[in-house]
Structure formats: C-alpha cells, structure tokens
Amino acid sequence: MANQDEIDDDSPYRVRSRREIISLLTSMMEKNQLLSLMIKGGSESVITSILEVDADEDAITLDAAPSAMLNESIVSSKQIDFEAIYNSIRITFAVEGARQIEYQGRPALQVDIPESLVRLQRREFFRIPTPIAKPLRCTFRITQPDGSFVTVVTMLNNISAGGVGITDEKKLLSTTPGVIYEDCQLELGDNTLVSVKLQVRDCKEFKMTNGKIVNRFGCQFIDIPRTVLAAIQRFITKLEREQNAKASGMM
C-alpha cells in the first residue's frame, strides 16, 4: 500500500479544509467504513473502524487492535498511516501517535484529527495500459555537464494521473530511484504532447520476446500543472472507453 506522503503537499488531491475532513471522517464512521491502520512504514497493519469523531476535542476514536502487544506497538509509533477505499475513492492520511483509552466500556485507540488527507478517485491511481498497436512515446531531454542536450526516446507502457510506466530499450536512463528528469515530452495520442517532470520510483530489467533485455521504469509526476493533469485524465478516460468498447465487441 502506498503511503500518503507520496502525494506532494500542494497536490490537488490533498484536502486541507478542516470542515471537509471532519465531514468525510464522520460519514465513514456512520457507514462503518473499515480502515487499514499501518505502522512501521506499513510492515505492520490492522483493520479498524471509526467509533467517534469529536471536533471539539480534535480527536478520532477507533477500534483497538485485537492484541495488547499490537496496541502497544501502535501507541509507541511516532507515525500512523491510514488507508481506506470509500465510495470508490482511496482515502489516506497520517497522524503522529495514538493513545489507548476506554470507549463505552471497551478498549479503544484515539488519534488527533489529521491536518490533511488525500482523496484519489480509482481512475486517478489506477494505471491503464497504453495501446500496443499504436505505441506512444515519452521523450527525455537531458542536460549534460557541458550544457549540451541528449534526447532519450522511451516507449509508454501504462499511465495514471500519478505517473507512467516506460520501457528504455537502449538502457540510457539512470536507474537510480529518486532521480528527477525536468524536461519530458509525453504523447497522449491524436498528436497531443504534454511537458512533464518525472521522478524515477523503480526500475527492473525485463526480457522481451526477442530475447533483448530492457529497463522498465515506474515514474512519478512531479509538480504537474493542473491543465496537464486534466489532459492526462481525459486521455485515461478515452483509453478506458476504447478498451471497454473493444472488450464488449463494439470495436
């Protein structure tokens, strides 16, 4: 599961309105929405639910974990991450620390109401494969130490509103996670090009059917303008419609 910290603070998906956050958490409580509570970077998790949202006390009361040992681990954790799929929207947020309390005669946990949370539509975090018959490209323009430029053309494998998957057949791009490429041109079909900044998240070698070994990258959009994000979302919607139509025999 992805940590909400992967979403930039200025992301259009991050909600900072206290009223909106309390309203959403209260709605989740009323519908008995289950949440994943994660500690230690997600290596330990437990399913919980919201028992009470108290705006006056700035507190959320949650079901306790099933074991005393796990509750102690949660209380001693500096950061606690939460994630849920609610009404087809992925909700994530993080808080600093938890307290053990008693709620209506049973053990419970209490955390502060988060200062922000992230809401992602399924379409926004689901990666959809790009057409094989009409391959799209992602072109990197890389500045060299001497001020000259090198152009690296890669094939686009999949796309989401959060990033892209690409294939670097010539193995020219750096495979180091965290490297940022400032000047990239992304094809969205119909002769549409958008400029994006990409950060390498992971890289794996892949053996193609012809035996050639290539690098496949997962890259995240960085500081993406809203207009570009809107164009990408429209493109994803178009791909979904085309693929659904093909699957139903309409194309």
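Start at the second largest pocket and colour its lining by class: you will find nine nonpolar, five polar and six charged residues. Here Ala, Val, Leu, Ile, Met, Phe, Trp, Tyr, Cys and Pro count as nonpolar, Asp, Glu, Lys and Arg as charged, and the others, Gly among them, as polar. A pocket is an open set of points on a 1 Å grid over the protein atoms alone, where a 1.4 Å probe fits, with protein on both sides within 12 Å along at least five of seven lines; lining residues have an atom within 4 Å of a point.

This is a predicted model, in which local features need pLDDT of at least 70 and side-chain atom pairs count only at pLDDT 80 or more, while totals for chains, interfaces and linings use all residues. Residues are numbered from 1 along each chain as its sequence is written, and side-chain values use heavy atoms, leaving out hydrogens and water.

Staying at the pocket, select Pro131, Lys134, Lys238, Leu239 and Glu242, the closest to its centre of the 20 lining residues. The space here is about 460 Å³, a volume filled by probe spheres set on grid points joined across faces, edges and corners. Now show helix α4 (residues 226-247), which gives the most to this lining, with six residues. Helices (H or I, at least four residues) and strands (E, at least two) are DSSP runs, numbered from the N terminus.

Next, move to the largest nonpolar core, and pick Leu25, Ile74 and Phe82, which touch the most other members among its 30 residues. Such a core is a set of buried Ala, Val, Leu, Ile, Met, Phe, Trp, Tyr and Cys residues joined through side-chain atoms within 4.5 Å; buried means under 20% relative accessible area (1.4 Å probe, protein chains only). Helix α1 supplies the largest share of this core, five residues.

Phenylalanine 82 and phenylalanine 93 have centres 4.8 Å apart and planes at 20°, so they are stacked. The former lies in strand β5 and the latter in β6, so the pair ties together parts 11 residues apart in sequence.

Finish at phenylalanine 140 and tyrosine 181: centres 5.1 Å apart and planes at 80° make the pair edge-to-face. Both residues are buried.

How values were computed:
Buried means under 20% relative accessible area, exposed over 50%, partly exposed in between (1.4 Å probe, protein chains only). Rings of Phe, Tyr and Trp (its six-membered ring) pair if their centres lie within 6.5 Å; planes under 30 degrees apart count as stacked, over 60 as edge-to-face and the rest as tilted.
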